[in-house]
Amino acid sequence: MAAEPPEPNQQEPSAVPVSRLVLPEPAAGTVHYWSVDIGPGPGGRGVLSEDEQERAARFVFDLHRNRYIACRSVLRCLLGRYLHASPAELIFDYTPYGKPEITGSRIRFNVSHSEDRAIIALTLDNAVGVDVERLRPVQDCLGLAERFFSGSERARLAALPEELHNEAFLNCWTRKEAFIKAIGEGLSHPLDTFEVTLVPGKPARLVSAAGLADPERHWSLLDLLPAPGFIGACAVRRAGVLAQPAGVICGWD
Ligand SMILES: CC(C)(COP(=O)(O)OP(=O)(O)OC[C@H]1O[C@@H](n2cnc3c(N)ncnc32)[C@H](O)[C@@H]1OP(=O)(O)O)[C@@H](O)C(=O)NCCC(=O)NCCS
């Protein structure tokens, strides 16, 4: 069976076995994102490299080990389909801050996981970062915003009606994480040196970033729909990028 990624912005991607996917490269200006259920267990362990198996062995809890194995296995299988390569033979390089990449490939990707849900985002040529979080009540979100958000983000959050605080906080959090993961610096990048939109129902945008005039000419921030009960965001270093939900993966047979 050949499964083509559906039209952009489709809300309900269908489940497909990863081993049977035929995957064209993402078109210029699009990011494919896959929603992955990493709950079912550690199938696919056979494709992990030695260092990944060592990392898996270091987890204290089976739950976390199994999710890691599931996520890495699906990442390898998906990349293998895009790159026409054997999943086990792919070699990841890591930036000084730990971002996995495949040197020499035009495919750029990033991964995020929250509990038993993972998101894998892929695009061509441009740096990409992704974040997924479970939708949940956040205790003391104004206090957390004081620690992590920029002054204007804090002000805009505090000005919203209280019933919108939680959603606005998670919007801001996932968009900021996606941005720092796209630039690859992770939490080493000061979170108060750039500003994203957060008001529920309003589009995701990078409003400002230190040293960058007119950030929207260089960056796209996108809301993703990972699965019911989860919220996601993606950042791509290119203007006008479209998010294309490519499928839901529940296993790798
Ligand atoms: C990257 C980071 C933001 C991840 O945040 P998180 O919310 O805990 O985790 P997420 O589920 O969203 O993302 C984890 C995935 O992001 C990827 N990742 C790891 N480091 C990354 C980085 N610096 N930038 C982008 N992506 C990264 C990995 O694929 C990882 O998945 P894995 O653990 O299964 O391999 C955070 O761990 C971080 O800041 N790390 C950098 C630490 C650092 O600066 N170290 C300094 C070393 S000198």
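The dialogue that follows takes up confidence, strands, a helix, the ligand shell and some loop residues.

User: What kind of model is this, and how are its residues numbered?

Analyst: Residues are numbered from 1 along each chain as its sequence is written. The model is predicted: local features need pLDDT of at least 70, side-chain atom pairs count only at pLDDT 80 or more, and totals for chains, interfaces and linings use all residues.

User: What average pLDDT does the chain have, and where is pLDDT under 50?

Analyst: pLDDT is the predictor's confidence in each residue, from 0 to 100. Here the chain averages 90, and 90% of the residues score at least 70. Over residues 1–11 pLDDT stays under 50, and the model has 19 contacts beyond four places in sequence for them; a contact joins two residues whose C-beta atoms, placed from the backbone, lie within 7 Å. Where pLDDT is low, the predicted coordinates should not be read in detail.

User: How many residues has helix α5, and what span does it reach?

Analyst: The expected span of a helix is 1.5 Å times one less than its number of residues. Helix α5 (residues 165–182) has 18 residues and reaches 26 Å from its first C-alpha to its last, close to the 26 Å expected. Since 15 of the 18 residues of α5 are buried, the helix is largely enclosed by the rest of the structure. Just after α5, G184 takes a positive phi of about 90°.

User: Which residues come nearest to the ligand, and which element supplies the largest share of the shell?

Analyst: A residue is near a molecule if its C-beta atom, placed from the backbone, lies within 6 Å of it. There are 20 residues around the ligand, and G98, K99, S112, G186 and L187 come nearest. The largest share of the shell, four residues, comes from β4, while α2 (62–83), β4 (107–114), β6 and α5 each supply at least two. By class, the shell has eight nonpolar, eight polar and four charged residues. Ala, Val, Leu, Ile, Met, Phe, Trp, Tyr, Cys and Pro count as nonpolar, Asp, Glu, Lys and Arg as charged, and the others, Gly among them, as polar.

User: Where does H84 lie, and why does it count as exposed?

Analyst: H84 lies in the loop between α2 and β2 (93–94). H84 counts as exposed because it has 7 C-beta neighbours inside 10 Å. Its phi is positive, about 55°, although H84 is not a glycine.

User: What is the phi of D140, and where is D140 placed?

Analyst: Phi of D140 is near 55°, a positive value in a residue other than glycine. D140 is placed in the loop between β6 and α3 (141–148), and with 9 C-beta neighbours inside 10 Å it counts as exposed.

Note on methods. A residue is buried if 20 or more other C-beta atoms lie within 10 Å of its own, exposed if 12 or fewer, and partly exposed in between; C-beta atoms are placed from the backbone.
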